[in-house]
Amino acid sequence: MNLQDDPAMLAILEEFKRVLPLRLRELREAIRFRDHERVRLLAHQLKGAGGSDGQHAVAAAAMRVEIAATERVAMPQLLEAYEPLADAVAGAISSATDRG
């Protein structure tokens, strides 16, 4: 059975593609407002979403952002950690689109 034949998997994939960019925008806003706790929480959520969907690059990049926020690093370092996460999310969405 391929992905196109499984309505439940297609629904999960569509939700993944819909939610991930929203979370990433929220994360960017939290960074802009220097809200380390919100950054940590959103990065933790992205880490979980990436891990549960098999998107290991997203999970690993989100973990780095989560750690940076927990350590309350300066904003330039937090932005530096954010960029690979944004790239990983873009790759995950592209991959999900190819599969769906």
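These are my notebook entries on a predicted model of one chain.

**Entry 1: the whole chain**
The chain has four helices and zero strands, so reading along the sequence I get α-α-α-α. Next I checked burial: of the 100 residues, 35% count as buried. The exposed surface comes to about 5,800 Å², and carbon and sulfur atoms supply 56% of that. I also looked at contacts between residues with a separation of 6 or more, and 58% of those join residues 24 or more positions apart.

**Entry 2: α2 and α3**
How do two packed helices get described? By the angle between their axes and the distance between the axes. For helix α2 (residues 36–52) and α3, I found axes that come within 8 Å and cross at roughly 160°. Angles over 145 degrees count as roughly antiparallel, so α2 is roughly antiparallel to α3. Their crossing is left-handed.

Then I looked up who makes the contact. On the α2 side I noted Val39, Arg40, Ala43, His44 and Lys47 among others. The α3 side includes Ala59, Ala62, Met63 and Glu66. Sorted by class, this contact has nine nonpolar, six polar and three charged residues.

**Entry 3: Glu66**
I picked one residue from that contact to follow up. Glu66 sits in helix α3 (residues 56–70). Is Glu66 buried or exposed? Its relative accessibility is 10%, so Glu66 counts as buried, the cut-off being under 20%. Which residues does Glu66 touch, leaving aside neighbours within four places in sequence? I got Arg40, Ala43, His44 and Lys47. Those four are also listed on the α2 side of the contact with α3.

Note on methods: Residues numbered from 1 in each chain as written. Predicted model: local features only at pLDDT ≥ 70, side-chain atom pairs only at ≥ 80, totals over all residues. Heavy atoms only, no water. Helix = DSSP H or I, 4+ residues; strand = E, 2+ residues; numbered from the N terminus. Buried < 20%, exposed > 50% of the residue type's maximum accessible area, 1.4 Å probe, protein only. Contact = heavy atoms within 4.5 Å. Areas by Shrake-Rupley, 256 points an atom, 1.4 Å probe, with all protein chains shown as cover. Axes fitted to C-alpha atoms, helices over the stretch in contact; angles between N-to-C directions. Parallel < 35°, antiparallel > 145°, perpendicular 65-115°, else oblique. Left-handed = near helix turned anticlockwise from the far one by under 90°. Nonpolar A, V, L, I, M, F, W, Y, C, P; charged D, E, K, R; others polar.
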